[in-house]
Amino acid sequence: MRMIVAGLALAMSGCSTVGSMTSTVGGWFGHGPVRAKPAELVEFKPTASLTEAWKGETGDTSGYLFRPRAAGDDVFAAGGSRVVRIAVANGNTVWKTDADAKLSAGAGVGQGLVLVGSTKGELLALDRTSGQVRWKVALSSEVTGQALVVGDIVIARTGDGRVQGLGVADGSRKWLYTRTLPVLSLRGSGGMTVRDEVLYAGFPGGKLVALNAANGAQLWEATVALPRGATELERVADVMGNPAVDERQVCAVAYQGRVACFDRRNGELLWARPAGGRTSWRAVP
């Protein structure tokens, strides 16, 4: 009985403390989740203004994700069936090429080439100077993402889970990396980034893979997120966007909202945490 009375006395002596906490964090005996008090709004005064310098046209993207690429004094972009080279200084179109195909990916730039892919699995290499087609090869499925050039290898990926290394000169296959995809995956999921001749590629199912860019050999595989849920839709955990790389780590984010960073040398997990809801933003280490 003495212990009960002492406990009640202690609780009552602390009522003022509990009451003061209730307004900010819900109190010890509150029924809702703990919430931080929002910061006071302050008046925003812009210190700079932006004006449009120029605008260039490509074509209808039709739901595909295209990334323009700046190289030297020009920007290379694709959309619809069109590939363009635009001068950064004034927005003038240097050349415009009709690919004669509905495009799904582009534009990659390197070794004097501009690279775009089509919905029918064609990879086209255009001459950077003139815009003329140098070579065209048929791949296994719809080309996704932005092709990369590493040395004398063009790296492209397709929607059936394949990553291919092709010769810069003629598009001949040098290596092939393939993996089985889950029943349901997102269009355009999984980007690619190259650093120090290592290719980092994200895949449906929450996987991040490091490949030797010269020969396609797998160096390691890591898990960004694990598929969870009762339905195929709930289990979608595709790695989205291009992995971000610095000197020590490579980071990637999964569709269901988990970001993770790994040691570049061996794929060891450094840290991981929820990143909000469904997202397709790019991780930055």
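Two residues are in contact when their heavy atoms lie within 4.5 Å. Keep that in mind as we look around this model, which is predicted.

Let's start with Thr144. You'll find this residue in strand β9, which covers residues 143-150. If we skip the neighbours within four places in sequence, Thr144 is in contact with Ala105, Arg157, Thr158 and Gly159.

Is Thr144 buried or exposed? Its relative accessible area is 11%, and the cut-off for buried is under 20%, so Thr144 counts as buried.

## Pro227 in its loop

Now hop over to Pro227. This one sits in the loop that runs between β16 (218-223) and β17 (239-245). Pro227 has a relative accessibility of 41%, so it's classed as partly exposed.

Which residues does Pro227 touch, leaving aside those within four places in sequence? Its contacts are Gly205, Arg235 and Ala237. There's also a distance to look at: Pro227 and Asp238 are 11 residues apart along the chain, and 8.6 Å separates their C-alpha atoms.

Across the protein chain, the mean pLDDT is 84, with 82% of the residues reaching 70 or more. Residues 1-30 have pLDDT below 50, and this stretch makes 11 contacts in the model beyond near neighbours in sequence.

Residues 277-285 also have pLDDT under 50. For that stretch, the model has 29 contacts beyond four places in sequence.

Terms used:
Residues are numbered from 1 along each chain as its sequence is written. This is a predicted model: local features need pLDDT of at least 70, side-chain atom pairs count only at pLDDT 80 or more; totals for chains, interfaces and linings use all residues. Side-chain values use heavy atoms; hydrogens and water are left out. Helices (H or I, at least four residues) and strands (E, at least two) are DSSP runs, numbered from the N terminus. Buried means under 20% relative accessible area, exposed over 50%, partly exposed in between (1.4 Å probe, protein chains only). pLDDT is the predictor's confidence in each residue, from 0 to 100.
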